[in-house]
Amino acid sequence: MSPAEEHGSGEHGPDQRTSGEQWSQRYARAVMNTFGPPQRALVRGRGTRVWDADGREYLDLLAGIAVNCLGHAHPAILQAVTDQLATLGHVSNFFTTPAQVRLAERLAAIVFPEERAGSEPAGQSGAGGRVRVFLANSGTEANEAAFKIARRHGGARRPRILALEQAFHGRTMGALALTHKSAYRDPFEPLPGGVEFLPAGDTRALERAMGPDVAALFIEPIQGEAGVRELGEDYLRAARELTRSAGALLICDEVQTGMGRTGAWMAHHLLAPGVVPDVVTLAKGLGGGIPIGALVARGRAAELLGPGQHGTTFGGNPVASAAALAVIETIGEPGLLDRVRRLGDQWARELAQLPQVAQVRGRGLLLGVGLSPDAPPAAQLASALLERGFIVNAPGSDTIRLAPPLILTSQEASSFTGALAQVLAERSNP
Ligand SMILES: *Cc1c(COP(=O)(O)O)cnc(C)c1O
């Protein structure tokens with residue numbers, strides 16, 4: 001079939017005529033097998049819903065893994081991207097654009113609301129005032145930049161970098177060195193050295209490991225890939241105090257938890273108010289579906305990468321920046337974040353009532369439904385739910401992860417609770 005025919009200009013009509021099965025076969029022949037077989041071929045999305053090549057509709061409760069925060073085909077993103085692309089699509093970092101500068105200013109203000117964006121250094125403390133942003137294209141790249149900042153901060157005197165067990169920071173070599181799972185790491189050894197893993201949430205272990213030879217501590221305030229596991233407020237406060245007194249950087253990976261996902265701009269704002277990291281990394285929801293990542297740093301950490309020490313061709317691209325600005329503007333509309341928090345609380349309570357649900361973890365619209373030991377494996381439940389028209393995922397054998405668009409309605413949330421109850425009941429009866 002020629003591309004013209006596939007796109008509907010030929011007599012064979014639009015590409016809905018190619019079935020999901022046919023797309024899967026072509027996928028297997030053309031796309032590298034790094035993800036396993038795709039569950040469905042999706043052809044269209046609107047709001048909280050997507051449709052597959054066979055015309056079936058799904059409620060999208062995963063949102064491209066916490067990415068489509070405004071759902072599919074949101075008019076604000078569509079308008080921003082279209083306008084920017086029609087005006088100026090790409091310039092490289094030999095130049096800047098209004099979209100790039102505005103986005104950096106907005107990110108500084110939402111990540112570090114207590115600092116004054118774009119202001120000059122606040123004197124001796126070194127901590128006040130100076131916030132700087134590096135724009136990248138993904139979460140792993142934002143963390144690569146953070147890794148480089150940690151190395152620059154560490155030099156020869158601070159060779160150690162601390163990260164947490166079950167941490168996920170990405171798949172490129174530096175970010176992978178910070179990622180705990182051996183199945184992801186082992187085939188690619190040797191990875192950049194100096195990284196040590198500590199049990200997540202264990203303040204004693206952190207106290208013992210911290211010292212003047214530590215450059216940085218990397219944390220996710222809620223470990224998403226680990227099954228939505230939150231670090232406690234006490235741990236986050238201890239992490240800040242211990243890094244501060246050892247002279248190490250606190251680097252907070254909010255790639256999954258940031259941008260309103262938890263009902264606050266940043267999860268650490270919600271979990272430990274007043275705890276201010278040195279570096280925050282973002283991606284996923286930031287572009288609402290357009291690829292973009294960002295690193296936001298303050299104080300000395302904002303000055304550690306100088307000219308020539310880091311770069312990217314696409315990072316700061318005006319189209320991606322315009323999408324992120326539209327996302328920020330929409331999430332910032334009065335009431336939206338409160339609603340995310342309230343809906344998440346209500347939904348978590350509802351889900352926790354179900355038999356075979358042991359606990360519901362997470363905040364806002366990042367929830368991990370923890371199954372009890374007698375429940376079927378989470379992956380099995382996820383496929384049964386897909387059959388019923390609900391997209392979720394299973395980050396572990398006993399957890400279903402929900403990370404829907406932030407525009408989800410409470411009726412939609414409840415429809416999932418009902419479907420999960422049914423699927424659990426069906427699979428538990430002898
Ligand atoms: C998804 C994720 C990453 C990696 O982001 P990519 O855009 O896939 O490279 C890093 N950190 C966390 C916490 C994530 O959830």
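**Briefing: the ligand surroundings and annotated sites**

Asp 253 touches Asn 143, Phe 168, His 169, Ile 219, Glu 220, Pro 221 and Thr 281, not counting residues up to four places away in sequence; contact here means heavy atoms within 4.5 Å. The structure is a predicted model, in which local features need pLDDT of at least 70, side-chain atom pairs count only at pLDDT 80 or more, and totals for chains, interfaces and linings use all residues. Residues are numbered from 1 along each chain as its sequence is written, and side-chain values use heavy atoms, with hydrogens and water left out.

**Asp 253**

- Asp 253 belongs to strand E10 (residues 249-253); helices (H or I, at least four residues) and strands (E, at least two) are DSSP runs, numbered from the N terminus.
- Asp 253 counts as buried because its relative accessibility is 5%, where buried means under 20% relative accessible area, exposed over 50%, and partly exposed in between (1.4 Å probe, protein chains only).
- The side chains of Asp 253 and His 169 are joined by a polar contact of 2.8 Å. A polar contact is a pair of N or O atoms within 3.5 Å; within protein, one must be able to donate a hydrogen and the other to accept it, and residues adjacent in sequence count only if both atoms are side-chain atoms.

**The ligand**

- Residues surrounding the ligand include Ser 138, Gly 139, Thr 140, His 169, Asp 253, Gln 256 and Lys 284, a residue being near a molecule if one of its heavy atoms lies within 4 Å of it.
- Helix H6 gives the most to this shell, with three residues.
- A polar side-chain atom of Asp 253 lies 2.8 Å from a nitrogen atom of the ligand. An oxygen atom of the ligand is 2.8 Å from a backbone N or O atom of Gly 139, and an N or O atom in the side chain of Gln 256 lies 2.7 Å from an oxygen atom of the ligand.
- The ligand taken alone exposes 380 Å², of which the protein buries 81%; accessible areas come from the Shrake-Rupley method with a 1.4 Å probe.

**Positions annotated in UniProt**

- An unreviewed UniProt entry lists Gly 139, Thr 140, Phe 168, Asp 253, Glu 254, Val 255, Gln 256 and Thr 313 under "binding site". These positions spread over 175 residues of sequence and are also spread in space, up to 25.2 Å between C-alpha atoms.
- The UniProt annotation "binding site" (unreviewed entry) also covers Arg 171 and Thr 312. Such annotations may be inferred rather than shown by experiment.

**Thr 140 and Arg 171**

- Thr 140 is placed in helix H6 (residues 139-154) and counts as buried at 16% relative accessibility.
- Arg 171 lies in the loop between strand E5 (160-164) and helix H7 (173-177), and Arg 171 is exposed, with a relative accessible area of 51%.
- Leaving out residues up to four places away in sequence, Arg 171 touches Thr 140, Leu 176 and Tyr 184.

**Thr 399**

- Thr 399 is part of strand E17 (residues 399-402) and, at 1% relative accessibility, counts as buried.
- The side chain of Thr 399 makes polar contacts with the side chain of Arg 361 (2.8 Å) and with the side chain of Asp 398 (3.2 Å).
- Beyond its neighbours within four places in sequence, Thr 399 is in contact with residues including Gly 227, Arg 229, Arg 361 and Asn 393.
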